Protein chains: 2
Amino acid sequence: MSKVVIVTGASRGIGRATTLQLLQHFNSNVIAVARSNQDLCDLKNHAENVLGMKGRLETVTGDITEEHIIEEVVKKCLEQWGRIDGIIANAGVLDPMGNFADINLQEWKRHFDVNFFSNISLIQKSIPYLRTSKGRIITISTGVAAFAHQSWSPYCTSKAALHMLTKCIAVEEPDIVSVSILPGVVDTTMQANIREQGLKAQMKQTDYQRYIDLYESKTLVHPDEPGRVLAALVVGGATQEMSGESYRYNDPKLAHLLDKK
Amino acid sequence: MSKVVIVTGASRGIGRATTLQLLQHFNSNVIAVARSNQDLCDLKNHAENVLGMKGRLETVTGDITEEHIIEEVVKKCLEQWGRIDGIIANAGVLDPMGNFADINLQEWKRHFDVNFFSNISLIQKSIPYLRTSKGRIITISTGVAAFAHQSWSPYCTSKAALHMLTKCIAVEEPDIVSVSILPGVVDTTMQANIREQGLKAQMKQTDYQRYIDLYESKTLVHPDEPGRVLAALVVGGATQEMSGESYRYNDPKLAHLLDKK
């Protein structure tokens, strides 16, 4: 039976790649959520007219920090397919960058709304259905959820909180598998932002240069790589004994998930 | 020269113990901040009339989630003593307890306001003075900032974020020492709350029983124990190479701080 998966931040990068992987290789139905209506239309058009997958992708345009958008996402899942099997909690921002002391409290809170509280809201509203389906929640983590990175304190702290939330859900929800994935340094607009704004935002020169070098040497990770792993995990690859754990997208423990594809 | 230290959550428990340690054994001036005016008056009365320390303790009654209270704290420090040498960021709450999904988003945000954002605000407003004094920021952490605890997801996640903030400050502020301390399971009103509300709030039976056993066997930590360590750290015991690290209050690496007292 086809799985029904919610993907946030689905218009670009890892979210888009995961959505396409779910449609093409994992026989899933997807609700793709993002702020950019144009990008979502392009994605839907691609799914229907290039991949020939009519009726398998629904979209919701909006900001997931708004409760009514979350409600619309859940309602659409249930109306269309009557179930929810998984969430890829991918939406997230790096900004604001800068010294923690120069970022005003409203910006701090806005950052947490996007990276942390919106995920609580989405998961809370989906959880009755995830319990029924014995579903899966996959959150996107990062190495800097554990290691402080100069000028990235909102991102480091919100991701540390999200990582811990993923573990708490694993403890509290025996019927749901909750896993964090570290997608590596992926070739997305977040990286372009780092290259453009990082020095101005007082990133450490050596940190900044590392991202420049990864870009110039063409060794940034392609979004399809974590996308394949995320798709494989959310449809069933994430098993009960993995709940509460975190993995790098290329952890050898996950390699078996991709052998079949 | 006497150090000037801000202690939040100073009316009870670890905050009160640390304040008294600073006054009695570390020759410091303290601004004690808490919501309970009565408790602060008792503390001030005790300091002045029992310990005979007139002029060494100032108090600010109010909620540190309110910006004007933070401003009053900093203003009072500067007016009274013209400097800030350290912060004991001790104020914090465990509530709300319960399954993460049953806690509404406003309660989640209120919890983060108290445990996380108020500390950002206090540290931001103090930081020009801490840079000048080459001061110290000591945050209160917990084992559950790293290990998920059933029914405590707001506390686990806010403390994970605060722990990471402490590390970020260490990276960004070379002139300030920023350290997390785990005070152990201390005999405070937080523990009384756990014993009274824990089962109703769906704590795991084995977790709950552990706290009951610590209480009944009289092996809860006395607030003076972490209080002594916190006081010793904030007046200078926390050295540059410790910045960004976290320690249990009884870590052997800290034992030398107490030898002199």
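Which residues are buried in helix H6 (residues 189–197) of chain B?

Author: The model is predicted, so local features need pLDDT of at least 70 and side-chain atom pairs count only at pLDDT 80 or more, while totals for chains, interfaces and linings use all residues. Residues are numbered from 1 along each chain as its sequence is written, chains are lettered from A and ligands numbered from 1 in the order in which they are written, and side-chain values use heavy atoms, with hydrogens and water left out.

The buried residues in helix H6 of chain B are B:Gln191, B:Asn193, B:Ile194 and B:Arg195. Buried means under 20% relative accessible area, exposed means over 50%, and partly exposed is in between (1.4 Å probe, protein chains only). Helices (H or I, at least four residues) and strands (E, at least two) are DSSP runs, numbered from the N terminus. The buried residues of H6(B) pack against helix H7 (205–216) of chain B; contact here means heavy atoms within 4.5 Å.

Another buried residue of chain B is B:Glu58, with a relative accessible area of 13%. B:Glu58 belongs to strand E3 of chain B. Not counting residues up to four places away in sequence, B:Glu58 touches B:Val30, B:Ile31, B:Ala32, B:Lys44, B:Lys76, B:Gln80 and B:Trp81. With B:Gln80 there is also a polar contact, side chain to side chain, at 3.4 Å. A polar contact is a pair of N or O atoms within 3.5 Å; within protein, one must be able to donate a hydrogen and the other to accept it, and residues adjacent in sequence count only if both atoms are side-chain atoms.

Charged pairs come next. Over all chains, a search of the whole structure finds 20 salt bridges, a salt bridge being a side-chain nitrogen of Lys or Arg within 4 Å of a carboxyl oxygen of Asp or Glu. In chain B, the side chains of B:Asp63 and B:Arg110 form one (2.9 Å, N to O). B:Asp63 lies in the loop between strand E3 (57–61) and helix H3 (67–81) of chain B, and B:Arg110 in helix H4 of chain B, so this pair ties together parts that are 47 residues apart in sequence. B:Asp63 is buried at 16% relative accessibility, whereas B:Arg110 is partly exposed at 36%.

Chain A holds a salt bridge between the side chains of A:Asp63 and A:Arg110 (3.0 Å, N to O). A:Asp63 lies in the loop between strand E3 (57–61) and helix H3 (67–81) of chain A, and A:Arg110 in helix H4 (residues 105–133) of chain A, so the two tie together parts that are 47 residues apart in sequence. A:Asp63 is buried at 16%, and A:Arg110 is partly exposed at 35%.

A further salt bridge in chain B joins B:Arg83 to B:Asp85, with the closest N and O atoms 2.6 Å apart. Here B:Arg83 is partly exposed, at 24% relative accessible area, and B:Asp85 is buried, at 2%.

The remaining part is the interface. Contacts link 40 residues of chain B with 40 residues of chain A. The two chains bury about 3200 Å² between them, 70% of it on carbon and sulfur atoms; buried area is the accessible area (1.4 Å probe) that two parts lose on being put together, summed over both. In chain B, B:Phe100, B:Phe117 and B:Glu172 lose the most area to chain A, together 22% of what that side buries.

Two salt bridges cross the interface of chain B and chain A. B:Asp113 and A:Lys109 meet through their side chains in a salt bridge (3.0 Å, N to O). On the side of chain B that touches chain A, helix H4 (105–133) and helix H5 (153–172) each supply at least two residues. H4(B) gives the most to that side, with 13 residues. By class, the side of chain B that touches chain A has 25 nonpolar, nine polar and six charged residues. Ala, Val, Leu, Ile, Met, Phe, Trp, Tyr, Cys and Pro count as nonpolar, Asp, Glu, Lys and Arg as charged, and the others, Gly among them, as polar.
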